[in-house]
Amino acid sequence: MRNEPKVVAITGASSGIGEAAARRLAADGHPLLLGARRTERLEALTREINAAGGTAAFRRLDVTDAADVRAFVAAASERYGRLDVMVNNAGVMPLSPLDALAVDEWDLMIDVNVRGVLHGIAAALPVMRAQGAGQIVNIASVGAYEVSPTAAVYCATKFAVRAISEGLRQESDGRVRVTLVSPGVTESELADHISDPVAREAMKAYRAVALPAATVAEAIAYAVSQPPEVDVNEIVVRPAASAQ
């Protein structure tokens, strides 16, 4: 495997898988642009990466705003001269039973988990096609393959990310690679934002065995490190001790 430096943009980089991916990819020598809404966390992470000898910058990012995502990608290109990898990682998971009628939370999941990924693709794809190469890495979930109570809408958004990724792969001429990474239960802040008491209690047992975010970051780094003629399309990573 060749591991030449690639310019990588990561959404949702202020915590969880995005933060872990930033640390791992920076350690491999890739220049990074990190995006999220919590800029104080991005600033601290960027400072840490640069102090350790890596190369990183950050920009506030709202993935639900298509213009903001275009500006984010443009900032990566302007700073580093190109964009090789777009990691569409930002996501939310406010679970609830459908009869809770949490329409605002459904809309939020659709906006962040689906539109956010589409906005990332729409911003990065023209840049990558113009430069003749690139890679889109979309972060889904095992929820892209199965549905569980309280997670119908969340799983629907991840099924959508899986479908979008496969469609993009089929439409690609090989110059733009497409990778879907679907983690099982992973240590993150996703469950912290579940407002529904039924779903919150169910998650305590469901998340009893969880992967470190760094493990998912290893999967991302593996896909990114492959030579141009190799396209790693789907990676599913689960805790070994869990059936979920």
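**View 1. Strand 7 and its bridge partner.** Valine 237 in strand 7 is the bridge partner of proline 183. Strand 6 and strand 7 pair in parallel, over four bridges; pairing here takes at least two DSSP bridges between two strands. Strands (E, at least two residues) and helices (H or I, at least four) are DSSP runs, numbered from the N terminus. The model is predicted, so to speak of local features takes pLDDT of at least 70 and side-chain atom pairs 80 or more, while totals for chains, interfaces and linings use all residues. Residue numbers start from 1 along each chain as its sequence is written, and side-chain values use heavy atoms, without hydrogens or water.

View 2. Seven strands run in the order 3-2-1-4-5-6-7, with parallel pairing. Strand 3 (56-60) and strand 7 (234-237) sit at the edges, each pairing on one side only. From one strand to the next, the twist averages 15 degrees.

**View 3. Helix 7 over the sheet.** Helix 7 (213-225) lies across strand 4, strand 5, strand 6 and strand 7, at about 165 degrees to strand 6. Angles run from 0 to 180 degrees between N-to-C directions, with axes fitted to C-alpha atoms (for helices, over the stretch in contact).

**View 4. Around isoleucine 136.** Leaving aside neighbours within four places in sequence, isoleucine 136 is in contact (heavy atoms within 4.5 Å) with residues including Met86, Ala124, Met128 and Leu168.
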